[in-house]
Structure formats: C-alpha cells, structure tokens
Amino acid sequence: MLDLKYVRTHIEEVKESLEKRHSSLSLDIFLELDERRRKLLFELETLQAKRNLVSPEIAKKKKSGEDTTDIMAEMSIISERVKVLNAEVSAVEKEEEDWLLSVPNMPHESVPYGKSEEDNRIERYVGEKPSFSFSPKEHFELAADKLDFERAAKITGARFVLYRKELARLERALANFMLDVHASEHGYEEVIPPYIVNRASLIGTGNLPKFADDLFKLENWDYFLIPTAEVPVTNIYRDETIAEEMLPLAFCALTPCFRSEAGSYGRDTKGLIRQHQFHKVEMVRFSHPDNSFEQLELMISHAENILKKLGLHYRVITLCTGDMGFSARKTYDIEVWLPGQDKYREISSCSNTGDFQARRANIRVAVKGEKKKLFAHTLNGSGLAVGRALVAILENYQQADGSIIIPEVLQSYMRGLKKIEKD
RNA sequence: GGAAAGGUGGCCGAGUUCGGCUGAAGGCGCUCGCCUGCUAAGUGAGUAUACGGGUUAAACUGUAUCCAGGGUUCGAAUCCCUGCCUUUCCA
C-alpha cells in the first residue's frame with residue numbers, strides 16, 4: 001500500500017507509476033474521495049469538539065440543580081448529526097482504503113520500462129548449456145513411471161502429480177539441500193509456518209483484495225491455502241515493531257504452495273511446470289529501509305548459489321514494469337535452462353517490496369534517534385521452486401540411456417545414490 | 001461438550017460498585033539532565049498512535065482510540081447486545 005499522504009502530495013509520481021504499470025486505476029477518484037473525507041471530517045470534528053465542551057457544563061449544572069432540558073435537547077440534535085457524519089466518514093474512508101489497497105507498488109528507477117516479458121532485461125548468463133550427443137527429452141518423458149499424473153488426476157484432478165520412488169526422494173533431497181545451504185551458509189533461520197492463513201495475512205502481503213481468484217479458499221472459513229510461504233513468513237511480524245539492531249532478519253521455509261492458476265488454462269498442461277500444488281523453499285528478509293536494495297542483491301545471490309552448486313545453467317533477468325508483480329518495487333527472476341524444452345524457465349523470483357507490504361501489514365522498525373517508527377522493508381524470493389529444480393535436474397542430467405545422474409551435492413541426501421536408472 | 005473469570009498505554013496494574021472532573025492513578029521500563037571516585041541508589045523533566053487544521057519546518061491545536069463491532073445516553077473504559085481471543089475448573 002502506498003502512503004495516503006504521499007499519494008496526495010505526489011500526484012504526478014503516482015500517475016507516472018500507474019502508467020508504467022499500464023494500470024487503468026484513476027487517481028481522480030482517489031483525490032475526490034480524499035477531498036470529501038477531509039470535508040466531512042472537519043464538520044464532524046467541529047461538532048464533536050462542541051459536544052466535548054458542553055458535556056461537562058451539563059454535569060455542572062445538574063449538580064447545582066439548574067435546568068438542563070434546553071441544552072440537552074440542543075446536544076441531542078448535535079449527537080444525531082454526529083452519528084450521521086460518522087457513518088459517512090467511515091464509508092468514504094472504506095472506499096479510500098479500498099482504492100489504496102488496489103494500487104500496485106511503484107517500480108524502482110532501475111526497473112526497465114516495458115509491457116510484457118519481452119521487455120525484461122537480461123542481466124547475466126551463468127554457467128553453460130550442457131551438450132548432448134542425442135536429442136534431450138522433456139522431464140515427463142524421462143521419468144514417466146515415477147511421475148504419475150494419471151493417478152493424481154484420479155485422486156484429485158488436473159494439475160496434480162504423484163511422485164514415486166526415486167523422484168519422491170529426489171524432491172525431498174532437493175528441498176533439504178536448499179534449506180541446509182540457506183540455513184548454514186547464508187544465515188537464514190528455518191521456520192515451518194502454517195500452510196493456511198487468514199485474510200489479514202493475505203492483505204498484508206498484497207494477495208488480497210485484488211487476487212482472490214488465484215487462491216484456494218476453505219469453505220466455511222475465512223482461511224486460505226498459502227500460494228507461497230512469503231505470506232505466512234512475512235506476516236510473522238505483522239503488527240509488530242522490530243528493533244533496528246535486529247535487522248536484517250532472514251527466514252527460510254519449505255512449504256507446499258497452492259495456486260488456482262486461474263487464467264492459465266492452456267499453458268504448460270504437461271508435466272510439473274504448472275501445478276496446483278508444489279513445493280518451494282522461500283526466503284524472506286526484513287530489512288532496514290536504508291539498505292533493502294542491497295539486501296535484494298544478497299538474496300538473489302543466495303538463490304543463484306543453489307543453482308551453481310547443482311551445476312545448472314541459468315540467466316538472471318530484471319522484470320520490466322509491465323511484468324512485475326503487484327507488491328514489488330523490483331524483481332529479479334532466475335531462469336534455468338531446460339534442454340528438453342529448449343527454453344529458459346523461471347525457477348526463482350526475488351523481489352524487494354520496499355515498505356509496501358510493511359505498511360499493509362504494519363511492520364515497523366524502531367530507529368535510534370528517530371522519534372517516529374519507520375516501516376520495515378520486506379523482501380521475498382524463491383530459493384528455489386523445488387519441483388522445477390527437479391525438472392531441471394532431470395533434463396540437464398539425462399543420459400543417452402535414459403538414466404539420470406544425480407548431482408554430487410545431492411547424493412548424500414539420496415543415501416549415496418548416484419544415478420536414477422531408466423524405468 | 002458443561003461451568004466460570006477476564007481482555008486497559010512498551011510491560012505490570014488501578015479505575016468498572018453509583019456513567020461526567022481519566023489519554024487514562026501508581027509502579028516498572030525507556031530518554032534527557034542533575035548528583036555521587038566507579039557501580040548501585042537518589043533526584044528533576046519527559047515518555048502512545050492515527051487522522052485533520054496550522055507552519056518553510058516547528059510550535060500550537062482539534063478529533064478518535066481502554067480487544068472488535070453495534071446499542072442506550074446530552075455524555076461510556078465504566079451500562080446493554082454480538083463477535084473474537086485468553087485463562088481456569090468440570091466431563
């Protein structure tokens with residue numbers, strides 16, 4: 001959420017930011033609401049001030065036995081008006097709040113302007129594409145009997161999978177490997193958050209009210225399945241103040257993620273790439289407002305480190321203004337090379353949201369010497385999407401005979417297994 | 001599932017009987033100052049947030065906030081209703 005006063009006093013900047021994001025939101029509506037709110041507020045508060053002035057008078061007169069019927073009648077009228085005005089103010093405030101909640105974050109100046117993913121900026125390529133003496137297959141061709149989509153469809157429906165045998169273990173191995181690296185090498189505290197969250201948490205991170213369609217909601221509860229661990233982990237500090245010297249705080253968590261994938265009907269229907277449920281290791285950082293962009297560089301390096309250790313080729317891109325998520329000020333995506341698909345595919349997304357989520361979730365920092373508490377800056381990034389990492393390993397480490405070599409760093413997590421034989 | 005108690009400021013904790021003088025006693029903590037070889041103690045002042053008005057910025061000033069939302073009333077921390085949460089006891 002943007003700051004109300006900031007919007008009021010920086011109309012041009014906000015307009016420009018909305019244009020950059022190709023948003024159709026009207027700033028005029030907000031300005032009108034704000035004007036109306038302040039007018040109503042003034043009238044309301046004037047009356048309340050009068051009431052506060054007169055009320056003790058009534059008490060005094062009553063004590064000394066004077067007649068108060070006239071003055072009480074007058075106050076009664078004022079009170080009626082106060083009631084009406086109060087309702088009006090609340091209504092306008094609600095509208096204004098809703099408007100503010102639907103405004104996307106302002107892109108950082110270093111973010112390239114653009115309309116779609118075509119305009120994303122490639123920052124760097126790391127590693128090299130593996131070469132094959134044969135035509136590499138896609139992951140679902142490689143491990144057909146260990147990725148059972150048919151039975152998962154029976155159990156639940158489309159976009160679910162049943163991992164079996166070595167691939168179930170490989171998924172778990174990858175997750176454990178990622179968590180261990182983040183915890184022991186990168187200094188993240190490992191947490192296991194709830195996988196179901198309430199509405200306030202989703203508003204805090206910016207998933208609600210705008211993106212309800214992307215979420216699975218529990219029937220008869222105002223609870224939702226998490227679309228990413230970013231939601232529960234960022235909300236660890238909702239409505240709290242963090243002492244400056246505690247910063248930066250860093251958390252990592254392995255959770256399942258649940259996404260309705262509304263609006264992606266025809267896309268990636270085959271394989272693991274786009275599922276309703278998948279595992280992700282998430283990194284969340286709480287930063288001092290002064291250095292959140294440095295924290296972003298740090299976080300992307302942590303995600304990259306995982307890929308480096310796994311020996312996977314990838315590239316880092318900066319999302320353009322049109323492709324960037326609602327809450328982000330700046331986002332780096334990591335795209336891993338998938339030889340079977342002959343494409344780079346997103347495997348991590350690291351964002352700095354600045355104070356956008358912190359304002360929504362009321363996460364503050366007490367800064368020495370500053371009378372006012374500041375909003376923390378929050379960052380989140382995948383480190384990494386586990387299922388997609390598994391896809392990358394299958395496709396990059398496939399052999400001519402259809403077997404899969406297990407990267408060395410994972411072998412200890414696989415009880416020493418070095419290779420997954422063909423079905 | 002049955003019964004009871006309770007939710008007040010950063011924390012503890014008065015006030016709720018009998019509504020007005022309570023943004024809210026007292027204590028702790030914290031900040032700044034004084035004092036004392038050091039430490040401890042003592043001592044003085046200050047110490048919530050949000051939204052308005054005001055100002056170059058302040059000062060200053062208005063309103064709201066005693067879990068949340070309604071109600072009664074000229075006036076609610078205090079009375080009534082609903083919800084949420086916590087604790088204790090019984091099964």
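This is a predicted model: local features need pLDDT of at least 70, side-chain atom pairs count only at pLDDT 80 or more; totals for chains, interfaces and linings use all residues.
User: Why is the pairing of Arg37 with a phosphate oxygen called a polar contact?

Analyst: A polar side-chain atom of Arg37 sits 2.5 Å from a phosphate oxygen of RNA strand B. The cut-off is 3.5 Å between N or O atoms, so the pair qualifies. Lys83 also has a polar side-chain atom by a phosphate oxygen, at 3.1 Å.

User: Which helices supply at least two residues each of the surface near RNA strand B?

Analyst: That would be α1 (4–9), α3 (27–63) and α4 (69–101). The largest share, twelve residues, comes from α3. By class, that surface has seven nonpolar, five polar and ten charged residues.

User: Why is Ile192 called exposed?

Analyst: Its relative accessible area is 71%. You'll find Ile192 in the loop between β4 (189–190) and β5 (196–198).

User: What makes up the nonpolar patch on the surface?

Analyst: Ile192, Tyr195, Ile196, Trp221 and Tyr223 form the patch, with about 530 Å² of accessible area together.

User: What is the omega of the peptide bond joining Leu208 and Pro209?

Analyst: Omega is about 5° there, and the bond is cis. Pro209 lies in the loop between α8 (199–205) and β6 (223–225). The bond from Leu247 to Pro248 is cis too, with omega near -5°. Look for Pro248 in the loop between β7 (240–243) and β8 (249–258).

User: What is the phi of Lys165, and how do you know whether Lys165 is buried or exposed?

Analyst: Phi is positive, about 50°, although Lys165 is not a glycine. The relative accessible area of Lys165 is 54%, and the cut-off for exposed is over 50%, so Lys165 counts as exposed. Lys165 belongs to helix α7 (residues 165–184).

User: Why is Asp342 called exposed?

Analyst: Asp342 has a relative accessible area of 55%, which is over 50% and therefore exposed. Its phi is positive as well, near 60°, in a residue other than glycine. Asp342 lies in the loop between β11 (330–338) and β12 (343–352).

Methods
Residues are numbered from 1 along each chain as its sequence is written. Chains are lettered from A and ligands numbered from 1 in the order in which they are written. Side-chain values use heavy atoms; hydrogens and water are left out. A polar contact is a pair of N or O atoms within 3.5 Å; within protein, one must be able to donate a hydrogen and the other to accept it, and residues adjacent in sequence count only if both atoms are side-chain atoms. Helices (H or I, at least four residues) and strands (E, at least two) are DSSP runs, numbered from the N terminus. Ala, Val, Leu, Ile, Met, Phe, Trp, Tyr, Cys and Pro count as nonpolar, Asp, Glu, Lys and Arg as charged, and the others, Gly among them, as polar. Patches are made of residues with over 30% relative accessible area and no salt bridge: like charges are joined within 9 Å, nonpolar side chains (Val, Leu, Ile, Met, Phe, Trp, Tyr) within 5 Å. Accessible areas come from the Shrake-Rupley method with a 1.4 Å probe; for residues, only the protein chains shown count as cover. A salt bridge is a side-chain nitrogen of Lys or Arg within 4 Å of a carboxyl oxygen of Asp or Glu. Buried means under 20% relative accessible area, exposed over 50%, partly exposed in between (1.4 Å probe, protein chains only).
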